[in-house]
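Good morning, and thank you for joining this group meeting.

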Amino acid sequence: MASSSPTRRRFLQATASGCLLPVLGSTDARTSPQQIVYPRHIDTLDNRYDYDWLILRTALEKSSAAFGPFEMRQLGEAMSPPRVAQELTLPQGRINVLARATSPAVEQQFLPIRIPIDKGLLGLRVFLVRATDLPRFAAVRSVPDLRAMRAGQGKDWADVAILRAAGIEVIEGTYERLYSMLMAGRFDFYSRGVDEAPRELQEARTQYPGMALEPSLLLEYPLPRYIFVRRDAEGERLAKRITAGLENMVQDGTLNALFRKHKGPVIERCGLDKRRVLSLRHPGISPETPLNRPELWYRPPAAK
């Protein structure tokens with residue numbers, strides 16, 4: 001009988017000792033990059049989501065030592081927000097992560113990673129108003145005063161329930177029509193996030209020259225913007241990784257540094273330290289929201 005080759009002898013020795021050798025040419029799961037696909041939004045201002053994906057990428061990088069390599073890319077097809085949510089719902093959906101304001105319905109549908117990536121900035125609201133109404137708003141000193149005004153918001157936005165719970169009348173409309181509805185007198189103020197209003201005013205100034213950013217009021221309520229993943233085994237694994245990365249960013253100051261760099265200029269532009277703060281409750285907020293962790297939230301100077 002011919003003698004065994006060296007390769008054959010090593011295989012037999014390994015088998016006899018109880019060790020299983022990997023099949024040649026196979027990929028070790030521990031070194032196979034984890035695939036993260038995030039959505040492309042259909043509106044022309046898709047770059048407003050760049051901060052979200054920067055935070056996500058940094059969290060993935062921070063967790064690489066413990067969870068291995070990753071590949072992160074944007075889906076090629078542009079989608080509306082409802083279509084994005086539907087895609088993440090599908091078991092074989094082409095995206096496996098999204099970033100958006102939370103709500104009870106969204107948290108039931110998807111798995112939230114409960115670290116607000118914008119440090120709660122979305123819950124700090126300033127108003128787009130008709131310039132002729134600025135004196136009316138300058139006289140507002142309390143939430144009861146604000147109840148004399150009607151708010152405009154997008155249909156089914158999380159803010160609608162918050163404002164109505166505070167006794168403020170809300171007129172809903174599509175995102176594309178809210179500016180024209182404001183200027184036509186359908187409502188009195190369009191409540192927008194601190195990092196949304198200045199940019200939107202600049203973009204709409206030519207078409208709506210009579211629109212202004214109200215300079216004296218700041219509406220405040222807890223409205224965290226989370227990263228969400230699918231509620232399945234893959235989503236749970238991805239959630240553990242992103243959570244670990246975000247916690248690392250909180251502890252080493254990276255999240256604060258990125259927040260100051262990318263959100264600091266607009267915070268200064270809105271003059272938050274000179275505004276009267278009106279605080280509202282968020283009746284639908286989850287009891288799991290980490291409100292007891294002040295390091296996760298930005299507080300405006302006037303509210304401290």
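**One residue, then the whole**

Tyr51 counts as buried because its relative accessibility is 6%, where buried means under 20% relative accessible area, exposed over 50% and partly exposed in between, with a 1.4 Å probe and protein chains only. Please note that this is a predicted model, in which local features need pLDDT of at least 70 and side-chain atom pairs count only at pLDDT 80 or more, while totals for chains, interfaces and linings use all residues. Residues are numbered from 1 along each chain as its sequence is written, and side-chain values use heavy atoms, with hydrogens and water left out.

Tyr51 is found in helix 2; helices (H or I, at least four residues) and strands (E, at least two) are DSSP runs numbered from the N terminus. Beyond residues up to four places away in sequence, Tyr51 touches Ile117, Asp118, Leu255, Leu258, Phe259, His262 and Lys263, a contact being heavy atoms within 4.5 Å. Although Tyr51 and His262 lie 211 residues apart along the chain, 7.3 Å separates their C-alpha atoms.

Let me turn to the protein overall. It has twelve helices and twelve strands, and 48% of its 304 residues are buried. Among contacts with a separation of 6 or more, 78% join residues 24 or more positions apart.

Next, strand 11. This strand covers residues 225-229, and five of its five residues are buried. Arg225, Ile227 and Val229 lie on one side, with Tyr226 and Phe228 on the other. Strand 11 pairs with strand 3 (residues 98-101) in the antiparallel sense over four bridges, pairing requiring that DSSP finds at least two bridges between two strands. Within that pair, Arg225 is the bridge partner of Ala101. Strand 4 (residues 111-113) also runs antiparallel to strand 11, joined by three bridges, and there Pro112 has Phe228 as its bridge partner.

How far may we trust the model? The mean pLDDT, the predictor's confidence in each residue from 0 to 100, is 88 for the protein, and 88% of residues reach 70 or more. Over residues 1-29, however, pLDDT stays under 50, and the model has four contacts there beyond four places in sequence. Where pLDDT is low, the predicted coordinates should not be read in detail.

Thank you for your attention.
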